[in-house]
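Please look over the model below before reading on.

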Amino acid sequence: MSRIVYVNGEFLPEDEAKISVFDRGFLFADAIYEVSTVLQGKLVDNAAHLARLQRSVDALNMGLPCSLEEIEAIQLEMLKRNDINEGGLYLQVTRGAADRDFAFPKDSKPSLVMFTQSRPVIDTAAAQNGISVVTTPDIRWQRRDIKTVGLLPASMAKQTALDAGANDAWLVEDGFITEGTSNNAHIVTKDGVLLTRALSNKILHGITRKAVLALAEETGITVEERSFTPDEVSNAAEAFITSASMFVTPVVTFNGEPIVDGKPGKVAKRLRELYIAFALKSLK
Ligand code: PDD
């Protein structure tokens, strides 16, 4: 069955949907995206995703084609039309179509596109067994806090990791881990402190990160927001990633070496359980 996608006011079979070759998302990666997770046919923590969408478009002086309320109504309609139970809903806003010029066009109308992806979120091999990561240099731009579709460096890092036999890459800049290719990076020290890089323009302000840190603090885990090095990862008790699509997923191998015994750690497992409970409560 072909998916129904949304493009600028229309719900269409995916092979009938069209976007202009002059769309600035296509020509300049002049576009913002969000990925919301779907559980039980509903959206997880979607208000936070929409708030970040607004922040990103504001940072680029882009504007939205309609209100956030209307965007959410379209999102919910997409879930219904695609009869999706578990997976993700991808949403992209671009500055719209205009003749090619580096300057922002004065009168382009933002484009809005959405599609669904059906896949397991809760019961996954990655959650069960953990994943392996390798480090690669972070060659991305300096506004990683804006969720743009300029994802080629992240895509290259992911491919480098896969070519090295790992599942993902953690990116390194000035000797410190920034984040994963499409997730935030965290470790638990041997003293039981959850270390995570502080928010800045160097990383995406993860929606899952925020919720998980709050849950960790509620359960009495000490959270320290500071940058950490690859050596600290190698010597950690645990490591894990957070993202809308992977929730909390343990990292069990780092640069080819097991972290402790190479098995998912108990803090990561507990935080995943707590996050799933939070996600189910947040459904809309
Ligand atoms: N990625 N860091 C980066 C670079 C990301 O691309 C993402 C999300 C995150 C985690 O953010 P959140 O918890 O809000 O999903 C961190 C999405 C899932 C993606 O590109 O598919």
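1. Basis. This is a predicted model, in which local features need pLDDT of at least 70, side-chain atom pairs count only at pLDDT 80 or more, and totals for chains, interfaces and linings use all residues. Residues are numbered from 1 along each chain as its sequence is written, and side-chain values use heavy atoms, with hydrogens and water left out.

2. Aromatic pairs. The structure holds eight of them. Rings of Phe, Tyr and Trp (its six-membered ring) pair if their centres lie within 6.5 Å; planes under 30 degrees apart count as stacked, over 60 as edge-to-face and the rest as tilted. Y90 and F115 form a stacked pair, because their ring centres are 4.6 Å apart and their planes stand at 15°. Y90 belongs to strand β5 (residues 87–94) and F115 to strand β6 (residues 111–118), so the pair ties together parts that are 25 residues apart in sequence. Strands (E, at least two residues) and helices (H or I, at least four) are DSSP runs, numbered from the N terminus.

3. Cover on this pair. Buried means under 20% relative accessible area, exposed over 50%, partly exposed in between (1.4 Å probe, protein chains only). Y90 is buried at 15%. F115 counts as partly exposed, at 24%. Ring pairs also bring in Y33, making a cluster of Y33, Y90 and F115.

4. A second pair. How are the rings of F247 and Y275 arranged? Their centres are 4.9 Å apart and their planes lie at 75°, so the pair is edge-to-face. F247 is in strand β14 (residues 247–254) and Y275 in helix α8 (residues 266–281), so parts 28 residues apart in sequence are tied together. F247 is buried, with a relative accessible area of 0%. Y275 is buried too, at 2%.

5. Positive phi. Most residues other than glycine have a negative phi. F247 has a positive phi of about 50° although it is not a glycine. Q40 also has a positive phi of about 50° and is not a glycine. Q40 is in the loop between β3 (31–39) and β4 (42–43). Q40 is exposed, with a relative accessible area of 54%. Please check both residues in the model.

6. Charges over rings. A charge sits over a ring if NZ of Lys or CZ of Arg is within 6 Å of the ring centre and within 35 degrees of the ring normal. R81 has its charged end over the ring of F11, 4.2 Å from the centre. R95 lies over the face of F104, at 3.4 Å from the ring centre.

7. Helix α6. This helix (residues 207–218) has 12 residues. From first C-alpha to last, α6 reaches 17 Å, close to the 16 Å expected at 1.5 Å a residue; the expected span is 1.5 Å times one less than the number of residues. Buried residues in α6 include I207, A211, L215 and A216. G220 follows α6, with a positive phi near 90°.

8. F26. This residue lies in helix α1 (residues 24–28). F26 is exposed, with a relative accessible area of 61%.
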